[in-house]
Amino acid sequence: LNETASTSPLLGFPLFRNHSGTFWIALISFSYLLAMTCSNQALMYVSYTFQALAKSCKMVPVMLANVIVGGKRYSFKQYLCVSLITA
């Protein structure tokens, strides 16, 4: 199966086709690159202590969005770990 999957695109009939569109992938990649560049430029003007604190607090909105939008459930231990890291 591995040999078939690796050689079939060379023969002209790919087994796995990407249906998402190259334009949207490029657009998302570019926006992520731009966001990272802006983020790094903004962090140049704050102290290292504040940078470390801000980066450690990233877990809170990610967990919140996963609970609200994604319907994900976290254990008490995971909530405790996040609160100890960000506190």
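View 1. Cys-38 is partly exposed, at a relative accessible area of 46%. Cys-57 is partly exposed too, with a value of 30%. A disulfide is a covalent bond between the sulfur atoms of two cysteines. How many disulfides does this predicted model have? The count comes to zero, going by a cut-off of 2.5 Å between cysteine sulfur atoms.

**View 2. The whole chain, for orientation.** Reading along the sequence gives the pattern α-α-α-α-α. How much of the chain is made up of buried residues? They account for 9% of the 87 residues. The chain exposes about 7700 Å², and 70% of that comes from carbon and sulfur atoms.

**View 3. Ser-56 in helix α3.** Helix α3 covers residues 48–56, and Ser-56 is found in it. Is Ser-56 buried or exposed? With a relative accessible area of 17%, Ser-56 falls under the 20% cut-off, so it counts as buried. Set aside the neighbours within four places in sequence, and Ser-56 is in contact with Ile-85 and Thr-86.

View 4. Which residues make the nonpolar surface patch of about 550 Å²? They are Met-44, Tyr-45, Val-46, Phe-50 and Leu-53. Leu-53 lies in helix α3, the helix that also holds Ser-56. Leu-53 has a relative accessible area of 44% and is therefore partly exposed, whereas Ser-56 is buried.

**View 5. Phe-23 and Trp-24, ring against ring.** The structure holds two aromatic pairs, and this view shows the one made by Phe-23 and Trp-24. A pair of aromatic rings is described by the distance of the centres and the angle of the planes. For Phe-23 and Trp-24, the centres sit 5.1 Å apart and the planes are at 75°. Why is the pair called edge-to-face? Because that 75° angle is over the 60 degrees needed for the label. Both Phe-23 and Trp-24 are exposed.

**View 6. Tyr-74 and Tyr-79, the other aromatic pair**. Here the rings of Tyr-74 and Tyr-79 are 5.9 Å apart, centre to centre, with 75° between the planes, and the pair is edge-to-face. What about cover for each partner? Tyr-74 has 17% relative accessibility, so it counts as buried. Tyr-79 comes in at 39%, which means it counts as partly exposed.

Note on methods. Residues numbered from 1 in each chain as written. Predicted model: local features only at pLDDT ≥ 70, side-chain atom pairs only at ≥ 80, totals over all residues. Heavy atoms only, no water. Helix = DSSP H or I, 4+ residues; strand = E, 2+ residues; numbered from the N terminus. Buried < 20%, exposed > 50% of the residue type's maximum accessible area, 1.4 Å probe, protein only. Contact = heavy atoms within 4.5 Å. Patch = residues over 30% accessible without salt bridge, like charges linked within 9 Å, V, L, I, M, F, W, Y side chains within 5 Å. Areas by Shrake-Rupley, 256 points an atom, 1.4 Å probe, with all protein chains shown as cover. Salt bridge = Lys/Arg side-chain N within 4 Å of Asp/Glu carboxyl O. Phe/Tyr/Trp six-rings, centres within 6.5 Å; stacked < 30°, edge-to-face > 60°.
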